[in-house]
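Welcome! Please take a look at the sequence and the structure below before reading on.

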Amino acid sequence: MQIFAANEHQPVTEDQKHIVVLPNDADPLALDLAGVERIDLDFPKFTDGRAFSQARLLRQRRQFAGEIRATGDVLIDQLVQMARCGFDVAVLREGVDKTDAQRQFERFNAFYQGDVNHPLPHFREAA
């Protein structure tokens with residue numbers, strides 16, 4: 001997963017037709033993905049986890065292979081779960097250190113449950 005500082009992310013402009021900013025209350029299954037290269041999913045506050053579900057639906061049911069970017073109130077303790085749900089990029093909120101964020105991926109290197117990248121649970125892969 002790529003991690004961007006807040007100042008490295010530019011808001012999407014109208015002429016960027018290949019980028020979709022999907023509101024939290026939108027149905028990702030109804031989205032027209034023709035020509036879409038990137039989808040920005042927003043976390044308006046860290047307690048709102050609808051973007052996790054949207055990312056997983058886009059990856060698993062819609063087979064979206066483009067970039068899914070987490071924006072908004074992104075906390076470093078949510079980054080590993082974001083990657084497991086299908087996010088490629090996370091834009092950290094203002095004042096969060098990228099180095100601290102990257103360390104989250106060093107702390108957790110294996111999971112028992114399946115996810116978007118490794119759908120089988122650990123006990124099925126080990127056989």
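The report starts with the whole protein and then turns to its parts.

## About the model

This is a predicted model, in which local features need pLDDT of at least 70, side-chain atom pairs count only at pLDDT 80 or more, and totals for chains, interfaces and linings use all residues. Residues are numbered from 1 along each chain as its sequence is written, and side-chain values use heavy atoms, with hydrogens and water left out.

## The whole protein

Let us begin with the overall layout. The protein has 4 helices and 5 strands, where helices (H or I, at least four residues) and strands (E, at least two) are DSSP runs numbered from the N terminus. Along the sequence they follow the pattern β-β-β-α-β-α-β-α-α. The radius of gyration is 15 Å, close to the 14 Å that the globule rule gives for 127 residues, so the protein is as compact as a globular protein of that length. Here the radius is taken over C-alpha atoms, and the globule rule is 2.2 Å times the number of residues to the power 0.38. The C-alpha trace spans about 50 × 35 × 25 Å along its principal axes.

Of the 127 residues, 39% are buried; buried means under 20% relative accessible area, exposed over 50%, and partly exposed in between (1.4 Å probe, protein chains only). The accessible surface comes to about 7,600 Å², and 49% of it belongs to carbon and sulfur atoms. These areas come from the Shrake-Rupley method with a 1.4 Å probe, and for residues only the protein chains shown count as cover. Among contacts with a separation of 6 or more, 61% are between residues 24 or more positions apart, a contact being heavy atoms within 4.5 Å.

## Helix H1 and its buried face

Which residues of helix H1 (residues 50-60) are buried? They are Ala51, Phe52, Gln54, Ala55, Leu58 and Arg59. Seen down the axis of H1, these buried residues fall within an arc of 165°, so they line one face of the helix. The arc is that of the directions from the helix axis to the C-beta atoms. As background, an α-helix has 3.6 residues a turn, so residues three or four places apart point the same way.

The cover over the buried residues of H1 includes strand S2 (19-22), strand S3 (38-43), strand S4 (67-72) and helix H2 (79-85).

## The nonpolar core

The largest nonpolar core has 24 residues, and those with the most contacts inside it are Ile39, Leu41, Phe43, Val74, Leu79, Met82 and Phe87. Such a core is a set of buried Ala, Val, Leu, Ile, Met, Phe, Trp, Tyr and Cys residues joined through side-chain atoms within 4.5 Å. Two or more residues come from each of S2, S3, H1, S4 and H2, with H1 giving the largest share, 4 residues.

Leaving out residues up to four places away in sequence, Ile39 touches Val20, Leu22, Leu31, Leu33, Leu58, Phe64, Glu67, Ile68 and Arg69. Ala70 sits in strand S4 and is buried, with a relative accessible area of 0%.

## An aromatic cluster

How many aromatic pairs are there? The count comes to 2. Rings of Phe, Tyr and Trp (its six-membered ring) pair if their centres lie within 6.5 Å; planes under 30 degrees apart count as stacked, over 60 as edge-to-face and the rest as tilted. Phe43 and Phe52 form an edge-to-face pair, 5.1 Å centre to centre with 70° between the planes. The rings of Phe43 and Phe87 have their centres 5.8 Å apart and their planes at 45°, so this pair is tilted.

Together, Phe43, Phe52 and Phe87 form one aromatic cluster. Phe43 is buried at 1% relative accessible area, Phe52 is buried at 16%, and Phe87 is buried too.

## Two residues to look up

Arg84 belongs to helix H2 and counts as buried, at 10% relative accessibility. Setting aside neighbours within four places in sequence, Arg84 is in contact with Arg56, Phe111, Gln113, Gly114, Asp115 and Val116.

Gln63 is found in the loop between H1 and S4 and counts as exposed, at 56% relative accessibility. The phi of Gln63 is near 55°, a positive value in a residue other than glycine. In general, most residues other than glycine have a negative phi.
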